[in-house]
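Hello,

Here is the structure I promised to pass on. Please open it alongside this message; my notes follow below.

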Amino acid sequence: MLNSSAAPPSLRVTDTHRHQTLNRTRVGSMALVYELVWRLLHVLLHVHRTLVASLRVLLGNRNGRTWRRAAAALLTPASVAGFPGGDDDEKKRKKRLVLEIDGRARYGGGGSRPGGVKLEKMPAHVGLLIVEEPPSYTDIANLVVWCMAVGISYVSVYDHHGVFRKNNTLLLEKIVKQQERLGLDDSKYSVEFISNGNAVHQDQIVSCKPVVQILSPEDGKHSIVQAARQVCRAVEQKEKTSKDINVSMFDALLRESKNIPDPELVVKFGPVDSTLGFLPWHIRLTEFISLPSHINISREDLLGALQRYGTCEQRQGK
Amino acid sequence: MSWIREGELNLIERLSANVLKAGPVPKHVAFIMDGNRRFARKKHVDRQEGHSQGFNKLAETLRWCLQLDIPEVTVYAFSIENFNRSREEVDGLMELAKLKFLRLLDEQEKLERHGVCIRVLGDLTLLPLDLQQLIAKAVVATREHKRCFLNVCFAYTSRHEMANAVREMAWGVEQGLIKASDVSEALLSECLYSSNSPNPDLLIRTSGEVRLSDFLLWQTSHSCLVFQSVLWPEYSFWNLCDAVIQYQCNHASITKARELHQDEQCQQQLEADHACVAELLHHHGNGKPADAPRKQEAVTEYGVRRAARVKDFLDALRSKRDTFLTELASQATVA
């Protein structure tokens, strides 16, 4: 039987060779086109992001919050919001506004929560995760004070460079100052502190019952490693065996050196969609809510995030 | 339904995939496949049907991942917390898992052709013995495959995994393979169930939940997290593309943060070595402070010895784990 491809082998080789080169150039030029399109896509995304950010700043400064929200809603397609945004959910936003009005009315009528917020679920520990540079200490101090004002008893602040940890005192001073300023400027807040019964003097709030914790990557994996080393040392000295180690035992050990409660909510500020090393052991059931920036952040934005947390349902594996 | 879905993308999908591949593509993607039950409720079908459809979606998603040049996928199939669900549902899920792993063993040839390596991460001992054996068999059968990797987290929680890693290190100390001072971040990572994989670059959770639910907490500390509102059985190629685009937007800043973290880790290791050497000199030395170059030399030497200890320990750990699986798998053949 004669094979159909009976052409001289040399010819066949050059033919395939030519074919391959042709293919290769075609593939090469296509790759270039793909790359161009990819670059274009990302340039567009970048422009979109910058536009939204600058509009936010522009309109935010003019006190046009409603306009700002409308603009943000127009500009942010739901699909490009990686972390759930605080700003892109129309339904929740409406609800939030209603609640705020509701709260204010209560306050006027001598209600129990003069802060003007009614939260369905109050997180005990809120982590503020700043993944944005440069940090604005005044805004962060404001955020901390607002959190404490609604009754959150444990507020932590984290950045992955450990800058806040290094400037611990600076930040704490700022917080006390903002607390005084907000307390003096706005009678609503001072009422709040007193009615909460947490503090008699405002400057005691930082050191007194509500806790402000400045966290850095050291409190994350590093502290887990420290605890692991401690257990292994105990095993080395025959005080413990490897069989003794389990989740609850290790959890207790971790909290021995620095007792940080699990945060129920982390509000992330900035353009990076990652926790960047924030307390890996503790964030098992933490809800993550993302806001685009902490610069010039308003109290309403933060309360919106808290409100959003209130609507989340925890199923714990069920 | 099969583990491997063969099929091609349509023209538009293929073009989009090629455009995405012009940028950085994640090497490892982790999924929390949430929303099967809500999907079942929405479609008024049986809960079990929701879980089945969820599995089919997994096969489809794996194909998309391969077409996007993503070689490794990790999925959260069953959490230790899920044992708290109703007896009926847990039994149903175990039954589904048994079926799927049996199916997997039937499809070995196909898996070999595609070079798919399947790993199961979790505490197998919490599962019924027959399922344990099936899983072990599937893992042993595919462990030489090198082209793409599917890690199924089963009877898994991240805290359990971390505590287990600590237990393994303690075992190493008991066996005299390592010292307590050898414990480091890198070593702990190597003792996790996921020690054979790089950390995920991208974690996707569907159905609008914004939690990690005790999944890969350690490994995703520098990953891009994407929460999508779509229910898992309705996940589409475009949802995956959307997530990859977000990863690409985050790529530069996350890479920078990772490098920073890597540097810190090296620094910490160096400090630990210094501390150990200082202690050794204190104990064995004649009390005189050693001069700087001698000390430096001692630290380097100590580092080499530590690395050798750690390597021996990790080899022992690996062979312990391998033996466990091989024994389970051979029991299955006998049974």
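**An enclosed strand in chain B**

Strand E3 (residues 116-121) of chain B is largely enclosed by the rest of the structure, because six of its six residues are buried. Please keep in mind that this is a predicted model.

The cover on E3(B) comes on both faces. On one side, B:Val116, B:Ile118 and B:Val120 are buried.

Strand E3(B) runs parallel to strand E4 (residues 148-156) of chain B, and six bridges join the two. Within this pairing, B:Arg119 stands opposite B:Asn151 in E4(B).

**The sheet in chain B**

Where does E3 sit in its sheet? The sheet is open and has six strands, in the order E3-E4-E2-E1-E5-E6 (chain B). The pairing is parallel. E3 and strand E6 (224-227) of chain B stand at the edges. Each has a single partner strand, so one side of each is left without a neighbour in the sheet. The twist from one strand to the next averages 20 degrees.

Helix H4 (residues 87-106) of chain B lies across strand E2 (72-79), E3 and E4 of chain B. Helix H4 of chain B runs at about 145 degrees to E2(B).

**The sheet in chain A**

Chain A has 318 residues, and 47% of them are buried. The chain holds 10 helices and five strands. Chain A exposes about 16300 Å², with 58% of that supplied by carbon and sulfur atoms. Now take the contacts in chain A between residues at least 6 apart in sequence: 73% of these join residues at least 24 apart.

Chain A has an open sheet of five strands, ordered E3-E2-E1-E4-E5, and the pairing is parallel. Its edge strands are strand E3 (211-215) and strand E5 (287-291) of chain A. Each of these pairs on one side only. Neighbouring strands of the sheet are turned against each other by 20 degrees on average, direction ignored.

Strand E1 (residues 125-130) of chain A and strand E2 (residues 154-158) of chain A run parallel, joined by five bridges. A:Val126 stands opposite A:Val155 in E2(A).

Which helices pack on this sheet? One is helix H4 (residues 137-149) of chain A, which touches E1, E2, E3 and strand E4 (265-269) of chain A. Its direction makes about 160 degrees with that of E2(A). Another is helix H10 (residues 299-310) of chain A, which touches E1, E4 and E5 of chain A. The direction of H10 makes about 155 degrees with that of E5(A).

**Aromatic rings and charges**

The count over all chains comes to 18 aromatic pairs. One of them is B:Trp3 with B:Phe55. Their ring centres are 5.1 Å apart and their planes lie at 80 degrees, so the pair is edge-to-face. The pair links distant parts of the chain, 52 residues apart. B:Trp3 is in the segment before helix H1 (11-21) of chain B, and B:Phe55 is in helix H3 (residues 47-67) of chain B. Both B:Trp3 and B:Phe55 are buried.

B:Phe78 and B:Phe83 also form an edge-to-face pair, 5.0 Å centre to centre with 75 degrees between the planes. Are these two residues buried or partly exposed? B:Phe78 counts as buried, at 1% relative accessibility. B:Phe83 counts as partly exposed, at 29% relative accessibility.

One aromatic cluster is formed by B:Tyr76, B:Tyr156, B:Tyr193 and B:Phe215.

A:Lys121 lies over the face of A:Tyr309, at 4.7 Å from the ring centre. In chain B, the charged end of B:Lys320 sits over the ring of B:Trp171, 4.1 Å from its centre.

**An arginine that touches chain B**

What does A:Arg229 touch, leaving out residues up to four places away in sequence? The contacts are B:Ala180, B:Ser181, B:Val183 and B:Ser184. A:Arg229 is found in helix H8 (residues 221-236) of chain A. At 16% relative accessibility, A:Arg229 counts as buried. A:Arg229 and A:Val144 are 85 residues apart in sequence and 34 Å apart in space, C-alpha to C-alpha.

Best wishes

Key:
Residues numbered from 1 in each chain as written. Chains lettered and ligands numbered in written order. Predicted model: local features only at pLDDT ≥ 70, side-chain atom pairs only at ≥ 80, totals over all residues. Heavy atoms only, no water. Helix = DSSP H or I, 4+ residues; strand = E, 2+ residues; numbered from the N terminus. Buried < 20%, exposed > 50% of the residue type's maximum accessible area, 1.4 Å probe, protein only. Contact = heavy atoms within 4.5 Å. Areas by Shrake-Rupley, 256 points an atom, 1.4 Å probe, with all protein chains shown as cover. Pairing = 2+ DSSP bridges. Axes fitted to C-alpha atoms, helices over the stretch in contact; angles between N-to-C directions. Phe/Tyr/Trp six-rings, centres within 6.5 Å; stacked < 30°, edge-to-face > 60°. Lys NZ or Arg CZ within 6 Å of the ring centre and 35° of its normal.
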